[in-house]
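Thanks for coming, everyone. I'll walk through one structure today, piece by piece. Have a look at it first.

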Amino acid sequence: MTNIKLLVDADVILYSACLSAEYDLEYNEYLTVVASYFDDARRHVERQLHYIKRRFDAQNSNLILFFSGENNFRKELSTQYKSQRLRKKPCGYWRLLKYLEGTYHTQRWPRIEADDAIGIYATSAPPYTCIVISPDKDLRQIPGQLFNPNTNELSHISPTDGARWHLIQTLAGDRSDNYPGCPGLGASRATSLLDKKGYSWQNVVKAFALKNLDQDTALLNARLARILTKNDYDFKLQRPILWKPRASSTAD
């Protein structure tokens, strides 16, 4: 592999590495403290990255690790967004992040999540110059190549595929991110509905209306579901541009 960049969604790798290295230390009969083996966490990350590099015959220079920034803009849109994730960062998280930032090429943008930064980078790059590495279904919105390290599956996402998946996620919602979508419609039912009715914003709004929910509710879910692209970010002001339905309002 020469100049291909592997855009690694590194949030999950970092979090799981630190979590796996935690242990309880019984300081005395009244006090238990949480400690962490840094080298165990570091080796966990290195194993994950080695697997990715071996899969694509790549070097460290091909990797870009993306991490979420502070002050997520989606929490300004909805106080419920990821509100169920109350656990603090695992022990050793910030130390390992600092190590990775000093060892690899990394990116961490203010106010946006790792998958947003990946989406912006991938849609700014020339075609076929990068591969997104993530098990996160949200990144099926981003046109290009997507590799799922959990399933070893490499997919090609067309612009139409990506636009359709955004509408599906708007209807389906996401329990892990704690936005509801349209009640009663998971990903399977949302896909069936849009396959039948057509992939358009009007049909998304109609589905919400059938549940006595207005267009503003549909739009909020669409904005929470949307993974940012280069067209959804103001580079001068360094802030997201909130998604709006296009005039054509179709993903077909």
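**A buried aspartate, then the sheet**

Start with Asp232. Its relative accessibility is 5%, so Asp232 counts as buried. This is a predicted model, so keep that in mind throughout. Where does Asp232 lie? Asp232 is in the loop between helix 9 and strand 9, which spans 233-234. What does its side chain meet? There is a polar contact of 3.1 Å between the side chains of Asp232 and Arg226. Leaving out residues up to four places away in sequence, Asp232 touches Arg226, Ile227, Pro240, Ile241 and Trp243.

A reminder on pairing. Strands of a sheet pair through backbone hydrogen bonds, parallel or antiparallel.

Take strand 1. Here 4 of the 5 residues are buried, so strand 1 is largely enclosed by the rest of the structure. Leu6 has Ile131 of strand 6 as its bridge partner. Strand 1 also runs parallel to strand 4, again through 4 bridges. On that side, Asp9 stands opposite Phe66 in strand 4.

Leu65 has Thr106 as its bridge partner in strand 5.

Next, the pocket. Rolling a probe the size of a water molecule over the atoms shows where empty space is left. The largest pocket holds about 1,000 Å³ of space. How many residues line the largest pocket? There are 39 of them, and Asp11, Ser68, Lys82, Arg85 and Glu113 lie nearest its centre. Which elements give two or more residues to the lining? Those are helix 1, helix 3 (74-77), helix 4, helix 5 and helix 9 (215-225).

Stay with helix 9. Its buried residues are Ala218, Leu219, Asn221, Ala222, Arg223, Leu224 and Ala225. They pack against helix 3, helix 6 (159-172) and helix 8 (201-209). At the start of helix 9, a side-chain oxygen of Asp214 reaches to within 3.3 Å of the backbone nitrogen of Asp216.

On to helix 5, residues 114-124, which holds Thr123. Is Thr123 buried or exposed? Thr123 counts as buried, because its relative accessibility is 18%, and the cut-off for buried is under 20%. The Thr123 side chain has two backbone oxygens to talk about. A polar atom of that side chain lies 2.7 Å from the backbone oxygen of Gly119. The side chain of Thr123 also reaches the backbone oxygen of Ile120, at 3.3 Å. Not counting residues up to four places away in sequence, Thr123 touches Ile142, Pro143, Thr229 and Lys230.

Next comes Ala125, in the loop between helix 5 and strand 6. Ala125 is buried, with a relative accessible area of 19%. C-alpha to C-alpha, Ala125 and Tyr99 are 27 Å apart in space, and 26 residues apart in sequence.

Last item: backbone angles. Most residues other than glycine have a negative phi. Asn212 has a positive phi of about 60°, although it is not a glycine. Asn212 is found in the loop between helix 8 and helix 9. At 74% relative accessibility, Asn212 counts as exposed. Gln238 has a positive phi too, about 55°, and is not a glycine either. Gln238 lies in the loop between strand 9 and strand 10, residues 239-240. Its relative accessible area is 51%, so Gln238 is exposed.

That's the tour. I'll take questions now.

Note on methods:
Residues are numbered from 1 along each chain as its sequence is written. This is a predicted model: local features need pLDDT of at least 70, side-chain atom pairs count only at pLDDT 80 or more; totals for chains, interfaces and linings use all residues. Side-chain values use heavy atoms; hydrogens and water are left out. Two strands pair if DSSP finds at least two bridges between them. Buried means under 20% relative accessible area, exposed over 50%, partly exposed in between (1.4 Å probe, protein chains only). A polar contact is a pair of N or O atoms within 3.5 Å; within protein, one must be able to donate a hydrogen and the other to accept it, and residues adjacent in sequence count only if both atoms are side-chain atoms. Contact means heavy atoms within 4.5 Å. On a 1 Å grid over the protein atoms alone, a cavity is a set of points where a 1.4 Å probe fits but cannot get out, and a pocket is an open set with protein on both sides within 12 Å along at least five of seven lines; lining residues have an atom within 4 Å of a point. Grid points are joined across faces, edges and corners, and a volume is the space filled by probe spheres set on the points.
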